[in-house]
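Grab the sequence and the 3D view and let's work through a few exercises together. Try each task yourself before you read the solution.

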Amino acid sequence: MESKFRTTELSNPEFESNNLRFITVKTPNLKGRGDICVFVPPMKNLKDIPIVTLLHGVYGSAWIWAHKAGVHFTALKMMELGILKPMVIAMPSDGLWGRWFCIFTTQ
C-alpha cells in the first residue's frame, strides 16, 4: 500500500513512555508537517480495534490531550475496568498554522 505522506517519522519505542507514540508526517493536505500523538493500550491480542480521534482547540497541539489532561491514563483505567472497550486514541495536530476564526451570522 502506497503512503499518502511524503515522509513519516516514528518515535523510538525505547524512549516512549506511558504507551504514547509520536508520529510526524509531511503531507500536502496540511501544506507541510503534522504531528500525531497516539495512545496504544498495553493489552495483548489487540486486533481490529477502533481508532478514536481527539481534536485539540485553537491553541493546542498533538500533545495537549495527553500532557495537559492525561486522557490516556483515564482511558486505560476505564478499559481495565471494562467501562470502555480497547481502542487506540489518535491526537493529531493541525499543522500549527495559527489561529482560525469562524464567523457566524444570522439572517
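A word on the ground rules. This is a predicted model, in which local features need pLDDT of at least 70 and side-chain atom pairs count only at pLDDT 80 or more, while totals for chains, interfaces and linings use all residues. Residues are numbered from 1 along each chain as its sequence is written, and side-chain values use heavy atoms, with hydrogens and water left out.

**Exercise 1. Work out the strand order of the open sheet and find its edge strands.**

Step 1: Strands (E, at least two residues) and helices (H or I, at least four) are DSSP runs, numbered from the N terminus. Two strands pair if DSSP finds at least two bridges between them.

Step 2: Trace the order. The open sheet has five strands, arranged 1-2-3-5-4, and the pairing is mixed. Strand 1 (7-10) and strand 4 (51-53) are the edges, since each pairs on one side only.

**Exercise 2. Follow strand 2 and list how it is bridged to strand 1 and strand 3.**

Step 1: Start with strand 1. It runs antiparallel to strand 2 (residues 20-27), and four bridges join the two. Thr7 has Lys26 as its bridge partner, and Glu9 has Thr24.

Step 2: Move on to strand 3. Eight bridges join strand 2 to strand 3, again antiparallel. Here Ile23 has Ile36 as its bridge partner.

Step 3: Look at the turn. The hairpin of strand 2 and strand 3 has four residues between the strands, and Lys31 takes a positive phi near 55° there.

**Exercise 3. Which residues have the most contacts inside the largest nonpolar core, and which elements give two or more residues to it?**

Step 1: Define it. A nonpolar core is a set of buried Ala, Val, Leu, Ile, Met, Phe, Trp, Tyr and Cys residues joined through side-chain atoms within 4.5 Å. Buried means under 20% relative accessible area, exposed over 50%, and partly exposed in between (1.4 Å probe, protein chains only).

Step 2: Name the residues. The largest core has 13 residues, and Leu20, Cys37, Phe39, Leu54, Met79, Ile89 and Met91 have the most contacts inside it.

Step 3: Name the elements. Strand 3, helix 2 and strand 5 each give two or more residues, with helix 2 giving the largest share, four.

Step 4: Place the helix. Helix 2 (residues 71-80) lies across strand 2, strand 3 (32-39) and strand 5 (88-92), at about 35° to strand 3.

**Exercise 4. Find the salt bridges and say how exposed Arg21, Glu16 and Arg33 are.**

Step 1: Set the cut-off. A salt bridge is a side-chain nitrogen of Lys or Arg within 4 Å of a carboxyl oxygen of Asp or Glu. Searching the whole structure turns up two.

Step 2: Take the Arg21 pair. The side chains of Arg21 and Glu16 meet at 2.7 Å, N to O. Arg21 is partly exposed, at 25% relative accessible area, and Glu16 is partly exposed too, at 26%.

Step 3: Take the Arg33 pair. The side chains of Arg33 and Asp35 meet at 3.4 Å, N to O. Arg33 counts as exposed because its relative accessibility is 51%.

Conventions:
Contact means heavy atoms within 4.5 Å. Axes are lines fitted to C-alpha atoms, for helices over the stretch in contact, and angles run from 0 to 180 degrees between N-to-C directions.
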